[in-house]
Amino acid sequence: PVPSSVRPRVRRVVAMPSTMSCLFAVLAVAALSAPLARASVLSRASAAAAVPAAAARAVAVAAPRAVVAAAGAGGARAFSAESATFDALSKFEAHLCDGPSATSFEATKEEMMQYFRDMYAIRRMEIGADNEYKARAIRGFCHLYDGQEAVAVGIEAGLTREDSITTAYRCHGLAYVRGVSVEAIMAEMFGFVEGASKGKGGSMHIYSAATNFWGGSGIVGAQVPVGAGVAFANNYNRKLAGEKKMPVSIVMYGDGAANQGQIWEAANMSKLWGLPTIFMVENNNYGMGTSTARHSCNPDYFKQGGVAIPGLRVDGMDVLAVREALRWAKDFAGSGNGPLFMEMKTYRYHGHSMSDPGITYRNREEVEGIRQTRDCIENIRKRIIEAGWATAEELKAVEKEVRSDVAKAIKAAKKGSPPPAGELITDILAEGPPEYIRMNEYDQSIGAKW
């Protein structure tokens, strides 16, 4: 019998199209006109840019091969256009705004299976990175995302590729949902030219200009003014085009960075100018090795906008809640209502970085308790099974396939090569001399017209 928390319904599934540290960087304005791209689980093949993220995945990604094979043998369920309504795991908390009113979320079978596959792929990729780091194939800093997968996947499901994402150094999962393949992410961590940043950025500096993913920043909090600069570009371009709505700019940082001055400076300007900046705190309870109770006098990060900027707290372990929150936030900020603070309550299983064992400031029992009661992948697994869309055995088959795909991608990435010596002097300055350089006096400027 189907539990009362799951109410199946049937509908047609239609993919409907929808319409940097310098705040005024010309690059931020120009970059937002870059072509957009869609992609599938590992190969990330291109599709129509205007299709919302979740809908494009439903169109571009077929049923898992293992499930289709089992169906042929008479055991598995084939995909259909069924949808179901799932009760929220916890309530939204709003500040100076109404926030989303939903207490339940509707999702299709295809969407839920895709979210499951994407979250599991991120986890296997991070486990692979952990192994490769310990084998010394990856050097330098490395910050893993396992435990927080629902945040990345939910964000992508609630946005389109016209919207921008800028984040800190824990960026692998977000790069993946923005279309960077596992092979390109791992090759970058290995320092190979085949990597997403040509092997020059490593673990902390992964970007995808084609899909409006602006990294990947190694300095705590430094990405926040960058994200506000992208929001400025969105607003500027919207006015030029005479449009009412504009893409939003998601700028992400951890609870350890939440009390930095540059965050409020960017928030202040965003409010004054009505920019579509969404300041998103991934609150995983620890700023490096210090708990939020010890490092922040106000642990309600969604209220940090005080009396001026609205906020929203979201269960970051519930992918459907994240998706719903982002849809609401996109409409709110993109409609000219100004910036928004969002707090994602989540948890990381690894330490802050690979040099942090993660159990000196918390114990194993705490970590295991989160795994057993709040794990985002186990949450969606339970929902899929309760909806009758797959059995536990079928989901294990999906996991086996994803593990194999990730392992193959890591193996392929290890065949890469270091950047040639000539790359030392590329990607530093724009090609060719600038047409105009402003000096103290205009008539001394290079390229002055008079």
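The model is predicted. It has 14 helices and 11 strands. Of its 450 residues, 52% count as buried.

**Around Val248**

- Val248 sits in the loop that links helix H8 (223-241) to strand S6 (249-254).
- Its relative accessibility is 0%, so Val248 counts as buried.

**Nonpolar cores**

- In soluble globular proteins, nonpolar side chains tend to be buried together.
- The largest nonpolar core here has 77 residues.
- Within this core, Ile155, Met186 and Met342 touch the most other members.
- Helix H4 (residues 109-134) is the top contributor to this core, with 10 residues.
- A second, separate core holds 14 residues, among them Ala228, Ile263, Val281 and Ile309.
- Leaving out residues up to four places away in sequence, Ile155 touches Ile165, Leu174, Met252, Met280, Val322 and Leu326.

**Surface**

- The protein exposes about 19900 Å², and carbon and sulfur atoms supply 56% of that area.
- Leu424, Ile425, Ile428 and Leu429 make a nonpolar surface patch of about 540 Å².
- Ile425, a member of this patch, lies in the segment after helix H14 (392-413).
- Ile425 counts as exposed because its relative accessibility is 73%.

**Backbone points to check by eye**

- The peptide bond from Gly215 to Gly216 is cis, with omega near 25°.
- Gly216 belongs to the loop between helix H7 (182-190) and H8.
- Lys198 is found in the loop between H7 and H8.
- Lys198 is not a glycine, but has a positive phi of about 60°.
- With 35% relative accessibility, Lys198 counts as partly exposed.
- Arg136 has a positive phi too, near 65°, and is a residue other than glycine.
- Arg136 is placed in the loop between H4 and helix H5 (149-158).
- At 63% relative accessibility, Arg136 counts as exposed.

Notes: Residues are numbered from 1 along each chain as its sequence is written. This is a predicted model: local features need pLDDT of at least 70, side-chain atom pairs count only at pLDDT 80 or more; totals for chains, interfaces and linings use all residues. Side-chain values use heavy atoms; hydrogens and water are left out. Helices (H or I, at least four residues) and strands (E, at least two) are DSSP runs, numbered from the N terminus. Buried means under 20% relative accessible area, exposed over 50%, partly exposed in between (1.4 Å probe, protein chains only). A nonpolar core is a set of buried Ala, Val, Leu, Ile, Met, Phe, Trp, Tyr and Cys residues joined through side-chain atoms within 4.5 Å. Contact means heavy atoms within 4.5 Å. Patches are made of residues with over 30% relative accessible area and no salt bridge: like charges are joined within 9 Å, nonpolar side chains (Val, Leu, Ile, Met, Phe, Trp, Tyr) within 5 Å. Accessible areas come from the Shrake-Rupley method with a 1.4 Å probe; for residues, only the protein chains shown count as cover. A salt bridge is a side-chain nitrogen of Lys or Arg within 4 Å of a carboxyl oxygen of Asp or Glu.
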